Structure formats: C-alpha cells, structure tokens
Amino acid sequence: HEFFNNTFHHSNRFTGCSEAEVIYLGTSADLFQGNVFHDNDGADLNLRSNGAAFTITDTRIEQNRFYANGYRCGAGAVVVQNSRRTLIRNNLFHDLGNGPAIWIFHGSSDTTIYNNTFYKTGGSGYGANDGAIWIAAGSAGTGIKNNIFYQNRAAATTLAPTSSPSGGRCGAISMGMGSATSRMCGCSSTC
C-alpha cells in the first residue's frame, strides 16, 4: 500500500478510545510519504499484527507531518508492534497530546528512527510512557539517530541529554523495563 500527499484530520472520533487509529494496517512493505495528520483523537498510524510476530516487514514512514493528535485518546502519532525493519525518517512531530509520538511495542525489531524533529511531544497521564519515543520491553534493535528533540515533555527515565545548546529539553526517550538493546545518539551528537 502507498499513501502519498494525503491529509487526515478530525478522524477517529469515538465515544470510547479503544483502537482509535486513523489507519490500522497489518500488511508489509507499506509506504507513507508526504502526508499530514492533524486533530485526530488517537494514533494516526498503527502498524500491528495480532498474529505471529514479524508478519509486518519493511514499512516506511517518511516526510510526514503529525500535529495536534492524541489529545483525547492518547497514543500520539505512530504505533509499531510485531513489526520488523520499520523505517521512520524525515518526519515532523509537534504539539501532540497524551502519549509519545512513537510507540515501539513488544515483538518489534530493527526499527530505525532518524532525521525526525520532535517538538512538544509526549503527554501527561501515561507515567513512564510520556517521552517523545517509547521503546517497550520485548522490542529489540531499535536505532535512533540524528533526530532533533526540543521542548518535549520528558519521561521519567531518559537516555538523551537533559539540555541542548538552544536551551530546549532533549530528555524525551524512555525505555520499558526489560527492553532489549537499542542504539541511540544524543541530541547533538552523532553515532
């Protein structure tokens, strides 16, 4: 599936918040490029297979803009679960509500997150899940490189430095207990 240059807004308005995504896919080799997602109640993209692990492979999420999402139902912008080799690059995540901009859930491996900008992401009400990026236990091989984190609502546990040269807060990445190894470069450093 390919999603190019679309605008998704004011979607997934439900009385409850269970499975309140704009797009829920359990397929492989999907491409999301140049889209705008805004003013949606829950997550914008949910890449998840409820069956065997790693049935979703090689999804690319690039050059999209995510803002003003997740204020009512949480979940920020992108949820990755039971997926392998997901690439999230060159996106802008800003002014998101509850929950992190990106959730990497159990059963996922080799997710790469680079050249993205996170501004005022992460919310309140999820405790340790409040960072810009949440890496859950049971995920492995997540790579985070060359991203910009500015004025995010920091998580209780952070891997990034707590300040940047511009004065913004970089402490926006949290890892779940028992999470496998992840590679992460600081806000202004390179790997």
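**Salt bridges and the sheet**

Modeller: Let me start with a contact: Arg-60 and Glu-62 meet through their side chains in a salt bridge, 3.2 Å from N to O. By salt bridge I mean a side-chain nitrogen of Lys or Arg within 4 Å of a carboxyl oxygen of Asp or Glu. This is a predicted model, where local features need pLDDT of at least 70 and side-chain atom pairs count only at pLDDT 80 or more, while totals for chains, interfaces and linings use all residues. Residues are numbered from 1 along each chain as its sequence is written, and side-chain values use heavy atoms, with hydrogens and water left out.

Biologist: Thanks! Is Glu-62 buried or exposed?

Modeller: Glu-62 counts as buried, because its relative accessibility is 4%. The cut-offs are under 20% relative accessible area for buried and over 50% for exposed, with partly exposed in between (1.4 Å probe, protein chains only). Arg-60 is partly exposed at 34%.

Biologist: And what else does Glu-62 form a salt bridge with?

Modeller: Arg-89, with the closest N and O atoms 2.6 Å apart. That pair links distant parts of the chain, since Glu-62 sits in strand S8 and Arg-89 in strand S12, 27 residues apart. Strands here are DSSP runs (E, at least two residues), numbered from the N terminus. Arg-89 is partly exposed, with a relative accessible area of 22%. Through shared partners, Arg-60, Glu-62 and Arg-89 are joined into one network.

Biologist: Nice. How many salt bridges are there by this rule?

Modeller: The count comes to three. Asp-58 and Arg-85 form one of them, with the closest N and O atoms 2.7 Å apart. Asp-58 lies in the loop between S7 (56-57) and S8 (60-62), and Arg-85 in the loop between S11 (83-84) and S12 (87-89). Both ends are partly exposed: Asp-58 at 34% relative accessibility and Arg-85 at 38%.

Biologist: Switching topic: in what order do the strands of the open sheet run?

Modeller: Six strands form it, in the order S2-S5-S9-S13-S16-S19, with parallel pairing. Two strands count as paired if DSSP finds at least two bridges between them.

Biologist: Which strands stand at the edges?

Modeller: S2 (7-9) and S19 (148-150); each has a single partner strand, so one side of each is left without a neighbour in the sheet. The twist averages 5° from one strand to the next, using axes that are lines fitted to C-alpha atoms, with angles from 0 to 180 degrees between N-to-C directions.

Biologist: How many bridges pair S5 with S9?

Modeller: Three, in the parallel sense, between residues 36-38 of S5 and residues 65-67 of S9. His-38 has Tyr-67 in S9 as its bridge partner.

Note on methods
Helices (H or I, at least four residues) and strands (E, at least two) are DSSP runs, numbered from the N terminus.
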